[in-house]
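This report is for a reader who is meeting the structure for the first time. Please look at the sequence and the model before reading on.

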Amino acid sequence: MSSSTTATLQVCRECGAGAPLDAHFCPQCTKILPLGRPGDYFGFLGLPRKLNIDGADLERRFRELSRQFHPDYFYNASPAERRASLERSSYLNDAYRTLKNPAARVEYLLALEGFGAKGPQEASKAVPPALLEEVFALNEELDEIREARSGGAPADAWKPRLERARTPIEARRAAHEADLRNLSARWDALVDRGDAASERRTVLESLRNRILERNYINNLLATIARELGSHE
Amino acid sequence: MSKVVGIDLGTTNSLVAYVKDGAPVVIRDESGDGLVPSVVSVAGDGTVHVGRDAERRLLTDAQRTAYSIKRFMGKGREDVRHEAEHFPFRVSGEAGGVVRIGLGEREYTPPEISAFVLRDLKRRAEEFFAGQGEFDNEVDRAVITVPAYFNDAQRTATRDAGRIAGLEVLRIINEPTAASLAYGLDKRHTGLIAVYDLGGGTFDISILRVEDGVFQVLATNGDTHLGGDDIDVLLMDTVLGDRARTAEDVQAVRQAVIQAKWDLSDREETTLNGRRFRRAEFEALIAPIVERTVGPVRQALADAGLEPSQIDEVVLVGGSTRIPLVRRRVEEIFGKTPHSELNPDEVVALGAAVQADILVTGNREMLLLDVTPLSLGIETIGGVVSKIIMRNSTIPASGSEMFTTAVDNQTAVDIHVLQGERELVADNRSLARFRLRGIPPMPAGMARVQVQFQIDANGILSVTARELRTDVEQTIEVKPSYGLTDEEVERMLLDSFEHAEADFAARLLIDARNEAEAVIQATEKSLRHPDFAAIEKDELAAGERQKIESVLAGLRMVLNSTDRETIQKWTHALNDATQHLAEVIMNRTVKAALSGRSVDDV
């Protein structure tokens, strides 16, 4: 599924002129445009739909657009313009927050391209097949540790075990981060080249699996941290 | 052109400032005093005293004098049960409702008390501008500051206070951010700033990045129940013990411990309650209170993704940061000497004045990008909160959630909005309950109602909803959990003494019109009675209906005039003309009820 855009113009309600979908102000009357149908976060910030984003550049774009839209500067404007300023500022803040975080950025791209998670449950419930073995081993280990602990074993008896159980999962996370970086670079190259629909599909599917696994791994690590922290 | 000001509405003191030739200035009285104590006293004859006057009355008429009212803003009766005993005034209110403060015979909501303070600041500013020879000295618009960690109810209560005082509140801004604006004026800072704001009743920590004149808050945290007041209460407890005292004695002790606290900021020892009181002893006592600020500081840094050492500058705000122990602790946390070039009591008001100037002049040199301090969510199945807007999101921020119906032809959905970080509804702050009405009838699960939550630049929430299949905008009725309705605020505005006289006649006129409208409606209803034809034939005198109709037409004609007496005259006439008809209908209803049939069958 590629990103086919159906409409290419928005209409300024102030003067009736047409404006490109990603325009923020009417080219005709220069009034701020209502946020009728925003394109997407990337286009809104003037960025290509790529995953490698220069942080400093993103910050600069965010500040520049904030200076153009912020409700502070529309205090004396018409109600329609004030509303447009509020809508555009809110959307900008959402876009900035999402694209700033690399994982949120990938998830957003996946949703845009029709590869999003079906629901909030999908990410957490099912164990991703690639992780089955580790999850099984970890759960067994955790059960034993809990048992030992309730049997009165001192912290220095089970803590090292828990730390040891964490090591392979942390290694997994590091591998995933590297995977995500590689896949992101591949995606960006495909965007530069254009077309190649089937290859895009493959990359997006891999990205989706890595992201689901990553979320699962993070939950596992959080569980271990809780076990370690709650019995200091 | 009327004037705009910036107001710091503090727990202990309040200030007003304005921008003169591009620089903010605090407005002072003849003696050079910029602080107005946030104290309000209502004397036996109804005279309202504010500020220093009211503060003196704490020693003579404590039970009629209110202070630290900011602690009660946006709170429910249950929230303040434990601390109410520390105050000389009555604290009451219905269960589940807004707190009420009893001063003498009358009860006031916290926004009404705060409005007295705001009105005093407004008057002070107006007198100042008049003294400057300004032709138009009216002050009708203001930026008012609140603690960054204030929730929606507390912000709304502050805005209501402004409205009750006759001020258009241009913007509610956060105190630490306001302080950073005041500090950022002369020097073009670039870098990471931490603002540590420990005031009379509240603590805030905000982490900001400043670049190209944009003051962007990265994270904020705090405690809206932590400040100098807590130190005072602690010291009072040690002095008073369990001995019973009059309210006035307690206030005398309170002023003595405050004086001792101030003394120990400059000196190593002072006297309290007739004995030597050393700084070391004081610090040992208050250390647990100061320590309570450390958790929020660490959380804010973590939320901003920063280590303490990465902070370039630390700014101290609030009177309690004069305490040497507080300064030492802040220095320890960040590993650098904090700034305190500007008066920590005044810096917030100065920043508010700068923000007011930005709003009115459209000056784009500086821009404040603040965040919402608390996550916003809605109640879902099992009493769990589903978060819609995360804490530390830059405002304005929006989020939406899709709702559907559970049964066929359901036309309304109830929504409970909460603020806070906890998982369970019971552990978070209830903001409001909404009922979405007017959903078109359709099979269960078919309706798709999109509810849009919008937090504006004031950090205040509004909600809109739309049924997506029919594109019908839904009606939302807001019942704030701990706030005032718009009608209540309007009424308080009318009740406030400044407007009372001017609006007295207007209010009487409105009352007269409302009464007239009620009679018109009742009459119309009688005339439309399903059995009217039978009633007229059997029971009304000849020409009685025509009489009613002509008086009704007459009242309609005078209804929109401004002549209250004429409206009342016609209202009475219609009342008289319809009296017999009303009785007849009443009798038939009673008879029908007794015989067990519905009225419509009679």
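Residues are numbered from 1 along each chain as its sequence is written, and chains are lettered from A and ligands numbered from 1 in the order in which they are written.

The pLDDT is the predictor's confidence in each residue, from 0 to 100. Chain A averages 82, and 90% of its residues score at least 70. In residues 1-5 of chain A the pLDDT is below 50. Where pLDDT is low, the predicted coordinates should not be read in detail.

Two residues are in contact if their C-beta atoms, placed from the backbone, lie within 7 Å. Chain A gives 14 residues to the contact and chain B gives 17 residues. On the side of chain A, α3(A) supplies the largest share, 5 residues.

Strands are DSSP runs of E with at least two residues, and helices are runs of H or I with at least four, numbered from the N terminus. Two strands pair if DSSP finds at least two bridges between them.

| Partner of β25(B) | Bridges | Direction |
|---|---|---|
| β22(B), residues 397-403 | 7 bridges | antiparallel |
| β26(B), residues 461-467 | 7 bridges | antiparallel |

B:Met402 stands opposite B:Gln450 in β25(B), and B:Gln454 stands opposite B:Ser462 in β26(B).

Technical notes
This is a predicted model: local features need pLDDT of at least 70, side-chain atom pairs count only at pLDDT 80 or more; totals for chains, interfaces and linings use all residues.
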